[in-house]
Amino acid sequence: MEIAMLRTLALSALLAFALPAAAQSVPATNYTDMWWNPAESGWGISFAQHASNQVFAVWYTYDPRETTATGRAKPLWFVVPGGTWTSPTRFTGTAFVTNGVPFNVAGSNPRSTAVGTFTFEFSGASAGTFTYTVAPPPGLASNDPAF
């Protein structure tokens with residue numbers, strides 16, 4: 001019984017030291033920039049990395065499900081107001097969409113809805129890969145304005 005208890009205690013101590021170190025990964029550089037792919041005009045990502053290494057990212061794209069009177073797709077913005085550096089070159093965070101009336105309008109009640117995750121894997125200071133998973137959350141129809 002003592003060996004099992006010692007093993008559990010040793011594993012707990014190891015995790016207590018290892019997990020905070022993994023959670024505190026420091027980025028290799030400051031990746032703040034406007035990111036886009038010239039071969040895919042019309043969308044991009046604003047990636048703002050603060051001195052604390054916290055990130056605020058915005059993916060501006062177009063919603064192919066909704067068109068304007070001219071037949072063009074409506075703009076669609078996703079925001080990542082934080083996340084985690086899981087390595088010096090990899091950042092992951094929860095993606096949200098927001099809707100409501102402008103903040104300066106009386107009765108404004110903006111709503112943020114989590115809809116997925118973003119992952120940025122940087123291969124250098126000016127190159128990287130953006131992957132995402134986006135879907136309506138449970139109970140929210142894909143045609144709901146919050147998505």
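Biologist: Of the 147 residues of the protein chain, what percentage count as buried?

Modeller: This is a predicted model, and the values given here are computed from it. A residue counts as buried when its relative accessible area is under 20%. By that cut-off, the share of the 147 residues of the protein chain that count as buried is 24%.

Biologist: How many helices and strands does the protein chain have, and what pattern do they follow along the sequence?

Modeller: The secondary structure of the protein chain comes to 1 helix and 8 strands. Read along the sequence, these elements follow the pattern α-β-β-β-β-β-β-β-β.

Biologist: Which element gives the most residues to the largest nonpolar core?

Modeller: The largest nonpolar core holds 19 residues, of which Phe47, Phe118 and Phe120 touch the most other members. Two or more residues of this core come from each of β2 (44–49), β3 (55–67), β4 (73–80), β6 (90–99) and β7. With 4 residues, the element that gives the most to this core is β7.

Biologist: Which residues does Phe47 touch, not counting those up to four places away in sequence?

Modeller: A contact here requires heavy atoms within 4.5 Å. With residues up to four places away in sequence not counted, Phe47 touches Tyr31, Thr32, Asp33, Trp35, Val55, Phe56, Ala57, Trp85, Phe91, Phe120 and Phe122.

Biologist: Why is the pair of rings formed by Trp35 and Phe122 called tilted?

Modeller: A search of the whole structure finds 22 aromatic pairs. In the pair of Trp35 and Phe122, the ring centres are 5.3 Å apart. This pair links distant parts of the chain, with Trp35 in strand β1 and Phe122 in strand β7, 87 residues apart.

Biologist: Are Trp35 and Phe122 buried or exposed?

Modeller: Trp35 has a relative accessible area of 17%, and Phe122 has a relative accessibility of 6%. Because buried means under 20%, Trp35 is buried, and Phe122 likewise counts as buried.

Biologist: What is the geometry of the aromatic pair that Phe47 and Phe122 form?

Modeller: Phe47 lies in strand β2 and Phe122 in strand β7, 75 residues apart, and the pair links distant parts of the chain. Both Phe47 and Phe122 are buried. The centres of their rings are 5.3 Å apart and the angle between the planes is 75°, a geometry that is edge-to-face.

Biologist: What distance separates the C-alpha atoms of Tyr60 and Trp77?

Modeller: Tyr60 is found in strand β3, and at 23% relative accessibility it counts as partly exposed. Leaving aside neighbours within four places in sequence, Tyr60 is in contact with several residues, among them Met34, Trp35, Leu76 and Trp77. Tyr60 and Trp77 are 17 residues apart along the chain, and their C-alpha atoms are separated by 4.6 Å.

Biologist: Which residues lie closest to the centre of the largest pocket?

Modeller: The largest pocket has a volume of about 320 Å³. Its lining has 9 nonpolar, 4 polar and 2 charged residues. Of the 15 residues that line this pocket, the closest to its centre are Trp35, Trp36, Asn37, Gly128 and Thr129.

Biologist: What is the phi of Asn53, and where is Asn53 placed?

Modeller: Most residues other than glycine have a negative phi. Asn53 has a positive value, with phi near 75°, and at 24% relative accessibility Asn53 counts as partly exposed. The place of Asn53 is in the loop between β2 and β3.

Methods:
Residues numbered from 1 in each chain as written. Predicted model: local features only at pLDDT ≥ 70, side-chain atom pairs only at ≥ 80, totals over all residues. Heavy atoms only, no water. 1 Å grid on protein atoms, 1.4 Å probe; cavity = no way out; pocket = protein on both sides within 12 Å on 5 of 7 lines; lining within 4 Å. Points joined across faces, edges and corners; volume = space filled by probe spheres on them. Nonpolar A, V, L, I, M, F, W, Y, C, P; charged D, E, K, R; others polar. Core = buried A, V, L, I, M, F, W, Y, C linked by side-chain atoms within 4.5 Å. Buried < 20%, exposed > 50% of the residue type's maximum accessible area, 1.4 Å probe, protein only. Phe/Tyr/Trp six-rings, centres within 6.5 Å; stacked < 30°, edge-to-face > 60°.
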